[in-house]
Amino acid sequence: MDGDYIIGGVFTIHYYIHTVENNYTTMPEPLRCAGSMDTRELRFARAMIFAIEEINNNTELLPGIRLGYEIHDSCGSVPVAVHVAFQFSNGLDPVFDTGDNCSQSGKVMAIVGESGSTPSISMSRVLGSFNIPQVSHYATCACLSDKKQYPSFFRTIPSDQFQADALAKLVKHFGWTWIGAVRSDSDYGNNGMASFLEAALKEGICVEYSVSFYRTHPRSRIQRVADVIRRSTALVVVAFVASGDMVLLLEELSLEPPPPRQWIGSESWVTDPNFLKFSFCAGAIGFGIQQSVIPGLRDFLLDLSPSEVVASPLLTEFWEDAFNCRLGKNAAAGESVCDGTEDLQRLQSPYTDTSQLRVTNMAYKAVYAIAHAIHNAVCKEINGTSQCDKLTKLESKQVFTELKKVRFSQNGYDVSFDANGDPVAVYELVNWQKSETGVIELVTVGHYDASLPVGLEFRINKNLTWVDGGTQVPVSVCSNSCPPGTRKVLQKGKPICCYDCISCPEGEISNATDSLDCFPCPEEFWPNAERDACFPKPVEFLSFEDVLGIILAAFSVGGACLTIITTVVFFRHRMSPIVRANNSELSFLLLLSLTLCFLCSLTFIGAPSDWSCMLRHTAFGITFVLCISCVLGKTIVVLMAFKATLPGSNVMKWFGPPQQRMTVVSFTFIQVLICTIWLVVSPPFPIKNLNIYKEKIILECALGSAIGFWAVLGYIGLLAVFCFVLAVLARKLPDNFNEAKFITFSMLIFCAVWITFIPAYVSSPGKFTVAVEIFAILASSFGLILCIFAPKCFIILFKPEKNTKKHLMNKNEY
């Protein structure tokens, strides 16, 4: 249609061109389209005509100026699209030639189209050289945002870069980390999938396979793609495929029982009503252009007069295909002739389906964007009224300049372009859901607005249905998530989403799902059985509540009571010969020291503290030296008493009671001095031993100075050995007066116990070290009291007839 200014249009109304083998001897035939018609694309073209007619009837936009149009079918072919681009650039189409040199008829100011990215790229390279603006309604390749290569390209549909980012976030939102990827082998598919894979990598999503195909490829190539999808383990398939390619793949998959797959679709096909017939794709989700309402468009599309249909070869083809009849002269013998009763109102076709206008609105807005640019170039505001001069010599470069600044609202939708010629990216999240009647419908379930802050741009406000009509989000992962207490170990040669779950090593935990590593617990903490949390290590020491502690405490108290009972027996019979003959003063002192020895073992039981650590070792050392000193004194007295019976011996005056007391005090004082030095220089102190057991804390007393500890033990051992040697020497002395043999047995037990104690003490872990020490104290104490005092108590209590001086002197009674 002619007009004051012409707007070009290019749409992919057919997807193929008629191929002819050229013989290079005659001129090749003109390029012409082949295959069936895409009536959805026909609707886009008719929406452009509707917008132009609406503008021509508008009194505010371009008043007094009539726009014309020149629309071409690119056949989805680059050669045809380039041919059309050169024709637009020439600007001398004979259809509009009026012979008036002043007329601008036939000169295209701007172009709406193309529908595909690859033809748009080819056209833009041509048109950009002539500064002819191109506003696409459906070319989404992110590459077209490069203004150095495509300076005059604009679009009303968002770039695939935004869609790729949105799809990656969508996949991540539902926890899918193992997906398949299918793309068109074209600029649209390759660039779109490259952007998606880059965004998916940032989100930690792995791709099992990435395959491509194109509708002109041999069927074997499409079959291979279908086989890859069938054999894959990934449940989710992201398809960045043009609608003309996607229909071939879905038809191939439908030949056999299709595999259950959760389809994630790009805008190109996921909102195309033609695909809703593939029921095995129910549950598919993807992003689509916002739905819109264009008042009056449906009536315009359905109001086709016979003259309009006959005058347009495209409309004629559409009419004949839709109603399966032939118009007028096109009818051949035997074919059905259209009789005029055909009704578009009853026709179920994408052409007549205006229930979800998406891309159609993009074409509609593209026309209005160009009209606003022309308006700004040729019209002026005078007293609030627009006045336009249709005789203004307008160049496409001026329209190009004004398009950059266009900003308006049409039917409630804002239209503007950024520095790259792209609009604000706003998408609807659509879901293929089965209705109650079993028909698959497109349902809007959410929105995506790239202009919102990060994290707020994506929202879902309705329930979704999934593959096979399920209501639960399907799972598509290479490996199941590693629970807390384990860590991920990558499988060799596989993507990062494929891993094994390994339990954390001893002493380490992981408290998060899919942890890459385990970390050790703090020093005084230990993992629980699941190794997902740290708990304070149990503190262990020999307490009065332990069975072992109770037993040792009972023996300690029992030994002390036994000693006290022995003391009482000796005290009540202190005047008896056997008590008096065995040095009663040293005996009572020995019984006192034995009582203290039994009781000092109680200081080893219970939680160690500063005072208890110092007390337990010093009390043990001093009381045992006091005990051994008494035994040593008794042994010396026995030896000296025998020597004193020899004629002329005066030795007992050196071993009377005062000398005996001095001996005991002297030996004990040396031990007191050793303990004092030990406590002053480096005393014992309580510590938390974390080295013996990894899973618990041993509360024990550190020695402070090991030299002090072994000096105390060494001094006790020295006295015990000395006492043992003397007792052995005196064991065969005559008369019942001699108790050296009992001392010998007691010292033998004492030395054996403490010789055994040393390796046991060094090798025993934790609280058993303390138990060994207590056992040594109790064993040696019981050895002394049983060997030295038990025989005497037995005679006192049960054999009083032997408790006589005559019997003690071993003299026979006649």
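In this predicted model, the count of cavities of 30 Å³ or more comes to 3, and the largest cavity holds about 310 Å³ of space. The largest pocket has a volume of about 830 Å³.

**The largest cavity**
- The lining of the largest cavity is made by 24 residues, and those that lie nearest its centre are S115, G116, S117, A242 and S268.
- Two or more residues of this lining come from each of the helices α3, α4 (160–173), α7 (243–253) and α8 (267–270).
- By class, the lining of the largest cavity divides into 6 nonpolar, 12 polar and 6 charged residues.

**The largest pocket**
- The largest pocket is lined by 31 residues, of which I71, H72, S312, P313 and L314 are the closest to its centre.
- The elements that each give two or more residues to the lining of the largest pocket are α1 (39–56), β4 (67–73), α2 (78–90), α10 (306–311) and α11 (313–323).
- In the lining of the largest pocket, 20 residues are nonpolar, 4 are polar and 7 are charged.

**The contact of α12 with α13**
- Helix α12 (residues 359–378) and helix α13 (residues 396–403) have axes that come within 8 Å and cross at roughly 110°; angles of 65 to 115 degrees count as roughly perpendicular, and α12 and α13 are therefore roughly perpendicular to each other.
- On the side of α12 the contact is made by A369, I370, A373, I374, N376 and A377, and on the side of α13 by V399, E402 and L403.
- The residues of this contact comprise 7 nonpolar, 1 polar and 1 charged.

**Aromatic pairs**
- Across the whole structure, a search finds 30 aromatic pairs, and one of them joins Y188 and F240, whose ring centres are 5.5 Å apart and whose planes stand at 50°, so the pair is tilted.

**Backbone features in loops**
- The peptide bond that runs from G113 to E114 is cis, with omega near 0°, and E114 has its place in the loop between β5 (108–112) and α3 (117–127).
- C75, although it is not a glycine, has a positive phi of about 60°, and C75 lies in the loop between β4 and α2.

Technical notes. Residues are numbered from 1 along each chain as its sequence is written. This is a predicted model: local features need pLDDT of at least 70, side-chain atom pairs count only at pLDDT 80 or more; totals for chains, interfaces and linings use all residues. Side-chain values use heavy atoms; hydrogens and water are left out. On a 1 Å grid over the protein atoms alone, a cavity is a set of points where a 1.4 Å probe fits but cannot get out, and a pocket is an open set with protein on both sides within 12 Å along at least five of seven lines; lining residues have an atom within 4 Å of a point. Grid points are joined across faces, edges and corners, and a volume is the space filled by probe spheres set on the points. Helices (H or I, at least four residues) and strands (E, at least two) are DSSP runs, numbered from the N terminus. Ala, Val, Leu, Ile, Met, Phe, Trp, Tyr, Cys and Pro count as nonpolar, Asp, Glu, Lys and Arg as charged, and the others, Gly among them, as polar. Axes are lines fitted to C-alpha atoms, for helices over the stretch in contact, and angles run from 0 to 180 degrees between N-to-C directions. Angles under 35 degrees count as roughly parallel, over 145 as roughly antiparallel, 65 to 115 as roughly perpendicular and the rest as oblique. Contact means heavy atoms within 4.5 Å. Rings of Phe, Tyr and Trp (its six-membered ring) pair if their centres lie within 6.5 Å; planes under 30 degrees apart count as stacked, over 60 as edge-to-face and the rest as tilted.
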